Amino acid sequence: TAANPVPAAAPFRGEEAAPAKPQEIEVTVPVESLDRMHLQFAKVTGGTMSTEIRVPGTVQPNAYREVHVTPIAGGVVTQVSVELGQSVKRGQPIAQVLSKDLSEAQTAFVGFEAELEVEHKKLERTQELVRIGAASREELERVEADHRVHAAHVQEARQKLILLGMEEAQIEWLNTGQTPSAYISVPSPIDGIVTARSVNLGQVVGVGQDLLTVTDLSSVWIEGNVLEDDFSVVRAGSGATITTPAYPGRIYRGVVDYIEPRVDPQTRTAKVRVTLQNPGLALRMGMYVDLTFTNVQAGKVAIVPKAAIQAVASGNVAYLPVEVKDGRFLQRAVRIGEETRGGFRVLEGLTAGDPVVTEGSVLLRAESLRQ
């Protein structure tokens with residue numbers, strides 16, 4: 001009877017196993033077949049590792065430079081002096097509103113000013129009467145208190161007019177006896193372009209309602225979505241290259257200044273943003289662009305040519321020459337990383353300077369499988 005096979009002795013508990021060596025298999029090719037294979041060779045090189053990620057993106061307005069223009073009081077729109085796409089300057093009147101609130105606020109201010117003037121004259125008379133002993137100190141204190149109350153009313157009415165957009169010179173103009181105006185001029189808050197208009201003549205508007213949007217497009221946002229697998233390459237501060245089909249050959253360069261902290265559960269991506277200067281306003285809102293991010297890894301890494309790597313059932317392998325004239329080659333298991341510059345980063349199995357078969361490696365793989 002055949003003896004039972006004896007199992008290999010297992011290492012004792014606690015015994016350190018020797019580091020695993022790369023798996024190697026010798027492959028022999030008939031000498032007469034070598035010429036037909038037209039084998040070519042190269043060496044594993046050493047260098048810096050660069051990874052490039054490219055994603056589609058769009059041009060968006062810089063939200064920090066986009067201002068919604070709203071009236072400070074409700075009323076009826078009597079004038080809109082700008083159109084969509086028109087350039088405006090800061091302080092330029094762009095709309096006018098006929099406001100009952102403004103008219104009432106001016107009338108109240110004029111009335112409080114008149115009452116304060118009367119109280120002021122009364123205070124001066126009382127102070128003189130107290131000086132000559134014709135009025136009591138208590139009466140003077142009562143008049144002074146009334147005077148302070150009326151002065152507070154005037155100050156409150158003045159502040160309301162300022163909030164409604166009137167300047168100090170215009171407020172003082174009311175004290176000359178001029179007829180109050182009920183028209184509010186709505187100025188542009190910044191230099192920019194009118195990118196939205198939601199109001200027309202005769203429309204009744206309320207406080208805080210959007211009339212127009214003025215956007216400074218000298219700076220824009222480029223937004224794209226990056227897969228979570230690429231977060232090691234794209235991070236805040238990473239350089240970005242932007243190109244667009246609208247301007248072939250033109251390249252914009254910027255820096256990532258924001259990555260959304262939340263990953264979309266459906267697409268497994270996060271929004272990335274690059275702030276870009278826009279000379280000549282060439283980049284328009286909604287334009288399609290391509291975002292390219294490049295990460296250069298510090299230090300030397302081994303890079304194997306792409307043609308040298310073949311896939312087998314157990315993983316990836318490369319073929320090293322042993323004695324080419326005798327048709328002897330070594331199939332070695334290789335663990336590879338990212339693709340770069342026509343090759344792969346070597347994580348395990350090869351070092352810089354190792355010779356490998358490039359052209360014809362697929363034929364060696366077939367010979368290995370046959371054997």
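A charge sits over a ring if NZ of Lys or CZ of Arg is within 6 Å of the ring centre and within 35 degrees of the ring normal. Keep that in mind as you work through this predicted model.

**Exercise 1.** Find which ring lies under the charged end of R273, and which under that of R250.

*Solution.* Start with R273: its charged end sits over the ring of W221, at 4.0 Å from the ring centre. Now turn to R250, whose charged end is placed over the ring of Y247, 4.4 Å from the centre.

**Exercise 2.** Work out why the pair of Y64 and W221 is classed as it is.

*Solution.* First, count: there is 1 aromatic pair. Next, look at the geometry: the ring centres of Y64 and W221 are 5.2 Å apart and the planes meet at 90 degrees, so the pair is edge-to-face. The cut-off you need here is over 60 degrees. Then place the partners in the chain: Y64 is in the loop between β3 and β4, while W221 belongs to strand β12, 157 residues apart.

**Exercise 3.** Decide whether Y64 and W221 are buried or exposed.

*Solution.* Take Y64: its relative accessible area is 66%, so Y64 is exposed. Take W221 next: its relative accessibility is 8%, so W221 counts as buried.

**Exercise 4.** Give the strand order of the open sheet of 4 strands and name its edge strands.

*Solution.* The order is β8-β7-β5-β10, with antiparallel pairing. Each edge strand pairs on one side only, and these are β8 (183-187) and β10 (204-205). Now zoom in on β7 (residues 93-98), which pairs with β8 over 5 bridges. Finally, pick out L98: its bridge partner in β8 is Y183.

Note on methods. Residues are numbered from 1 along each chain as its sequence is written. This is a predicted model: local features need pLDDT of at least 70, side-chain atom pairs count only at pLDDT 80 or more; totals for chains, interfaces and linings use all residues. Side-chain values use heavy atoms; hydrogens and water are left out. Two strands pair if DSSP finds at least two bridges between them. Helices (H or I, at least four residues) and strands (E, at least two) are DSSP runs, numbered from the N terminus. Rings of Phe, Tyr and Trp (its six-membered ring) pair if their centres lie within 6.5 Å; planes under 30 degrees apart count as stacked, over 60 as edge-to-face and the rest as tilted. Buried means under 20% relative accessible area, exposed over 50%, partly exposed in between (1.4 Å probe, protein chains only).
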